[in-house]
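Visitor: Please take me through one part of this model closely: the surface near the DNA strand. I would also like to see how that part sits in the rest of the assembly.

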Protein chains: 2
Amino acid sequence: MKEEPALDILGALSQQTRLRIVRYLVRCGSAGASAGDVGAEVDASSSRASFHLSALENAGVVTSERQSRKIIYRADFRKLGQLISFLLEDCCGNHPEILACCSIPKDCC
Amino acid sequence: MKEEPALDILGALSQQTRLRIVRYLVRCGSAGASAGDVGAEVDASSSRASFHLSALENAGVVTSERQSRKIIYRADFRKLGQLISFLLEDCCGNHPEILACCSIPKDCC
DNA sequence: TCAATAATTCAACATTTCAAGAGATATTGA
DNA sequence: TCAATATCTCTTGAAATGTTGAATTATTGA
């Protein structure tokens, strides 16, 4: 991941409502959730949820798919992984002190 | 790390000049760099560098220490690690698909 | 103390972002 | 087609953010 998309994603995640939306969508996994569900979960009106979901989709961390009258939103796991990868590698240069603080689960490698 | 400081750091990093400052300071390691050096490196005036360094310090990812007439800024590796940890655990729930995309170096665990 | 250096603060301005709500659009079933 | 549902878009105003350059503060050595 290059600097520009990383900045877009960081900007998208640096807002409380949007960070909570992403956390919720990660929990929902591949089932995803509709804008209405998301709004109810993060305590936002549907128009606000829609607004922030659009921002997240533009930034590339969320995908959408119409399912009849609902639109299902999902977290893009690959993009999230790439962002963390960017932070670890490009930004932090895999600095040992940083990696040591990450408490990365043993079984991930 | 809780949600609030994570949001502060994400917000601080979601700006091109500041992201570049952090990347430079990580490269500088414990030697750190002065505001003037930082400004020259990221192509910003000294007042702009100072402004953004303050923002980074307020967010908690950068520390400062006066050394005679210069002020030395350093990246706070622990905070950066904690942010990545927050993204992996609290935000992404150690989701296998996300971890798989992180390409975390084998020898880190 | 004075001059030079390093960094910060401030004011002004433009830009962006956020929230809220009204209205518009798309989809479905009756 | 009509009503109900789900979502999106648009406008408004308030607040936050980023840039610039000038003025200010702090430190050092002559």
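Guide: Start with the classes. Ala, Val, Leu, Ile, Met, Phe, Trp, Tyr, Cys and Pro count as nonpolar. Asp, Glu, Lys and Arg count as charged, and the others, Gly among them, as polar. Keep in mind that this is a predicted model.

Now the surface near DNA strand C. By those classes, its residues divide into four nonpolar, eleven polar and five charged. In total, 20 residues surround DNA strand C. The closest are A:Ser68, B:Ser34, B:Gly36, B:Ser47 and B:Ser50.

Next, the elements. Chain A brings α4 (46-59), which gives two or more residues to the surface near DNA strand C. The most comes from α4(B), with six residues.

Take chain A. Its secondary structure comprises six helices and three strands. Along the sequence they run α-α-β-α-α-β-β-α-α. The C-alpha trace of chain A spans about 50 × 30 × 25 Å along its principal axes. Of the 109 residues in chain A, 39% are buried. Consider contacts in chain A with a separation of 6 or more: 51% of them join residues 24 or more positions apart.

Now the pairing of the two protein chains. Chain A superposes on chain B by a rotation of 180 degrees, with 0.0 Å of shift along the axis and an RMSD of 0.1 Å. That is the relation of a two-fold axis. Both copies use the same surface, as 100% of the contact residues of chain A recur in chain B.

Look at that contact in numbers. On chain A, 38 residues are in contact with 38 residues of chain B. Four helices of chain A each supply at least two residues to the side that touches chain B: α1 (3-13), α2 (16-28), α5 (77-91) and α6 (96-100). The most comes from α5(A), with ten residues. By class, this side of chain A has 22 nonpolar, ten polar and six charged residues.

Near DNA strand C, the count is four nonpolar, eleven polar and five charged. On the side of chain A that touches chain B, the count is 22 nonpolar, ten polar and six charged.

Technical notes. Residues numbered from 1 in each chain as written. Chains lettered and ligands numbered in written order. Predicted model: local features only at pLDDT ≥ 70, side-chain atom pairs only at ≥ 80, totals over all residues. Near = placed C-beta within 6 Å. Buried ≥ 20, exposed ≤ 12 C-beta atoms within 10 Å, placed from the backbone. Contact = placed C-beta atoms within 7 Å. Least-squares fit on C-alpha atoms with pLDDT ≥ 70 in both.
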